[in-house]
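The sequence and structure are shown below.

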Amino acid sequence: MKPTLSLVMIVKNEEQDLAQCLDTVKDWVDEIIIVDSGSSDQTLEIAKKYQAKVYQHNDWQGFGKQRQTAQGYATSDYILWLDADERVSPELQQSIKQALLENKTNTLYQINRLSSFLGRKIYHSGWYPEYIVRLYPRQLAQYNDALVHEKVIYDPSLKVINLSGDLLHYPYKSLKHYLTKSASYAEAWAEQRIKQNKKTSVFQALSHAFSAFIKMYLFKKGFLDGKQGFLLAILSANSVFNKYATLWSKQVASQLGE
C-alpha cells in the first residue's frame, strides 16, 4: 500500500496566505494538521474550510518546540512541512508523489525553495538553490528545540535525497513586512544567544554586517538579482547588525541589573 502523508503547519495570523498554500496540496495529502499560536484574524476559519485538524497552542516556546508539538498530532506515515507563505509547484508535487510511491527505507527528502522579493524571483544572493529537509517518515525525524531558525534533526546514517521542482516562497509582502519580521527574528536570536551565555560587541555587530553585505552582493552574486538584489544585501546587513546590537543591548541591561 502507498504510504499516507500528513501536511503539518504552524501558523499565526496567516489569512493572507493560508488558502493559496493549501490550494496546492488539498487534493493529494491524507490529512492537514495546523497548530495555531493565537491568531486574531480569519486563519482558523480558513483552515477549517479545508477540513484541517486545527489545534491551538498559545504558550509560545519557540519555532522548534511548536513544530514538535504539531508533528505530535500527525498520524500518517510521512510528514510534509509547509509554511503559509509557500506554494508547492506542479513539478514538486509530482516528485513528492513519486517519493511516496517508491517509499525508500531510511530516507529523507530535501526540497529546493525558490523565494521572491518585491516581485522578482531571487536566483542568486545566497537564496537559491536552498535545499531544506521538509519530507520524511514520521518516525525518523523531528525539529530541534531552537527558538528561531529551527532545523530537522535525524540520524546522520539516514540517506537524504533532493526532490525535483521548486517550493515557491513569498516571505515578504512589503519592505515594512521585511523589517518587522527581521526585528522579531533579531529578538528571538538574541534571547537564544543569551541563554547560551554568548557575548558580543558593537564592533562585532558592524564587522558582521559589513561582511554580510559583501558576501551576499559580491560572493553570492546578488548583483545578478538587479535592484532587488542590491536592496536585499543592504537589508541583510542591517538584519545582521540588528541581531548583534540586540544581543549587546541585552548584555548591557544585564550588567546594569535592569
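Rings of Phe, Tyr and Trp, the last represented by its six-membered ring, are taken as a pair if their centres lie within 6.5 Å. In this predicted model, Phe117, Trp127, Tyr172 and Tyr178 form one aromatic cluster. The structure holds 14 aromatic pairs, and two of them are described here along with the packing of helices H6 and H7.

**Aromatic pair Phe117–Tyr172**
- Phe117 and Tyr172 are arranged edge-to-face, at 6.2 Å centre to centre and with 85° between the planes.
- Because Phe117 belongs to strand S6 (residues 107-117) and Tyr172 to the loop between strand S11 (159-169) and helix H5 (175-195), the pair ties together parts that are 55 residues apart in sequence.
- Phe117 is buried, its relative accessible area being 0%.

**Aromatic pair Phe213–Phe230**
- Phe213 and Phe230 also form an edge-to-face pair, with 6.2 Å centre to centre and 90° between the planes.
- Phe213 lies in helix H6 and Phe230 in helix H7, so this pair links parts that are 17 residues apart in sequence.
- Phe230 is partly exposed, with a relative accessible area of 40%.

**Packing of H6 and H7**
- Helix H6 (residues 202-219) packs with helix H7 (residues 226-255) at an angle of about 160°, and their axes are 8 Å apart.
- Since angles over 145 degrees count as roughly antiparallel, H6 and H7 are therefore roughly antiparallel to each other.
- The crossing of H6 past H7 is right-handed.
- Residues making the contact include Ala209, Phe213 and Met216 of H6, and Phe230, Ala233 and Trp248 of H7.
- By class, the contact of H6 with H7 comprises 18 nonpolar, three polar and no charged residues.

Conventions. Residues are numbered from 1 along each chain as its sequence is written. This is a predicted model: local features need pLDDT of at least 70, side-chain atom pairs count only at pLDDT 80 or more; totals for chains, interfaces and linings use all residues. Side-chain values use heavy atoms; hydrogens and water are left out. Axes are lines fitted to C-alpha atoms, for helices over the stretch in contact, and angles run from 0 to 180 degrees between N-to-C directions. Helices (H or I, at least four residues) and strands (E, at least two) are DSSP runs, numbered from the N terminus. Angles under 35 degrees count as roughly parallel, over 145 as roughly antiparallel, 65 to 115 as roughly perpendicular and the rest as oblique. A crossing is left-handed if the near helix is turned anticlockwise from the far one by less than a right angle, and right-handed if clockwise. Contact means heavy atoms within 4.5 Å. Ala, Val, Leu, Ile, Met, Phe, Trp, Tyr, Cys and Pro count as nonpolar, Asp, Glu, Lys and Arg as charged, and the others, Gly among them, as polar. Rings of Phe, Tyr and Trp (its six-membered ring) pair if their centres lie within 6.5 Å; planes under 30 degrees apart count as stacked, over 60 as edge-to-face and the rest as tilted. Buried means under 20% relative accessible area, exposed over 50%, partly exposed in between (1.4 Å probe, protein chains only).
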